[in-house]
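Visitor: I have just opened this structure, and I would like to learn how to read it. Could you take me through it?

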Amino acid sequence: MNALALEIVGLNRYFGGLPAVNQVDLKVEAGERRLLLGPNGAGKTTLFNLISGDLRPSTGAIRVFGQDVTRTRTDQRTQLGVARTYQIITLFAKSTLAHNVAMSLMGLSQSRFDPFTSLHRRRALWQKAHETLALVGLESMAERPVSETSYGERRRLEIAMALAQEPRLLLLDEPLAGLSTDERGDVQRLLETIPRSVTIVMIEHDMDVALAFADRITVMQRGAIVVEGTRAEVVADPRTKEVYLGH
């Protein structure tokens, strides 16, 4: 049995007394592709925020590769190999694609503590930024401002910024949302190239994407996990139909 990349035990997060994440237990094995499905408001993004450290849990525990990170800062989780993208793209629109990736790389570099060397003089960072853009098919656009790129290219850039951090656990929050058919194909092919040394947990609404991508699927509703299993098991479970169709 593989080691666990992610283990969540009894996780709760309340907002004004209401549970946004409700008694969640979750185990994701190293190298796994896990899909989080569920309607809007199911608690999927809140769960990601708890895993990444953007939010603190009300109760419960989170372990990443066996290490308890429940009260660990976001930057410390990044050092442990946790990286993520966001539902709403957060980029420096006036900066180039290469500059955005270089800034992402700075978060892991010891040189970020060096106040005497400007970012533009750190050749190793720029080389790594270009290499990372090549991985997502954007190297030819490295010096283009983000504001002059398409929505799909920005999605790929955001994934590049996450990959630049050499994650072991990658959290993708609806990376296909708002994309055209062609753009969705580009991003799906990109995800298929990510090696199994990287565990991926992805939020998605589209069941077809789930069936093509996931080893296992977790379905959430009202902050709780209601169905979990293989693709075949989740499709066959009547509770999945209830979540999506209301009957």
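This is a predicted model: local features need pLDDT of at least 70, side-chain atom pairs count only at pLDDT 80 or more; totals for chains, interfaces and linings use all residues.

Guide: Gladly. Residues are numbered from 1 along each chain as its sequence is written, and side-chain values use heavy atoms, with hydrogens and water left out.

Visitor: Is Asn49 buried or exposed?

Guide: Buried means under 20% relative accessible area, exposed over 50%, and partly exposed in between (1.4 Å probe, protein chains only). Asn49 has a relative accessible area of 17%, so it counts as buried. You will find Asn49 in helix H1, residues 44-52. Helices (H or I, at least four residues) and strands (E, at least two) are DSSP runs, numbered from the N terminus.

Visitor: Which residues does Asn49 touch?

Guide: Contact means heavy atoms within 4.5 Å. Not counting residues up to four places away in sequence, Asn49 touches Asp54, Leu55 and Arg84.

Visitor: How do I read a pocket?

Guide: Rolling a probe the size of a water molecule over the atoms shows where empty space is left. On a 1 Å grid over the protein atoms alone, a pocket is an open set of points where a 1.4 Å probe fits, with protein on both sides within 12 Å along at least five of seven lines; lining residues have an atom within 4 Å of a point. Grid points are joined across faces, edges and corners, and a volume is the space filled by probe spheres set on the points. Here the largest pocket has a volume of about 430 Å³. Its lining has 23 residues, and the closest to the centre are Thr78, Arg84, Tyr86, Ser104 and Gln165. Helix H2 (74-79) is among the elements that supply at least two lining residues, and H2 gives the largest share, four residues.

Visitor: What lies in the second largest pocket?

Guide: About 220 Å³ of space. Of its 14 lining residues, Leu135, Leu163, Ile194, Pro195 and Val198 lie nearest the centre. Helix H4 gives the most to this lining, with four residues.

Visitor: How should I look at a strand?

Guide: In a regular strand the side chains alternate between the two faces of the sheet. Take strand E9, residues 216-221: five of its six residues are buried, so E9 is largely enclosed by the rest of the structure. Two strands pair if DSSP finds at least two bridges between them. Strand E3 (residues 33-37) pairs with E9 in the parallel sense over four bridges, and Leu35 has Ile217 in E9 as its bridge partner. On the other pairing, E9 and strand E10 (residues 224-230) run antiparallel, joined by six bridges. E9 and E10 form a hairpin with two residues between them, and Arg222 in the turn has a positive phi of about 50 degrees.

Visitor: Where is Ile203 placed?

Guide: In strand E8, residues 199-203. Ile203 is buried, with a relative accessible area of 0%. Among the residues that Ile203 touches, not counting those up to four places away in sequence, are Leu35, Phe48 and Pro175.
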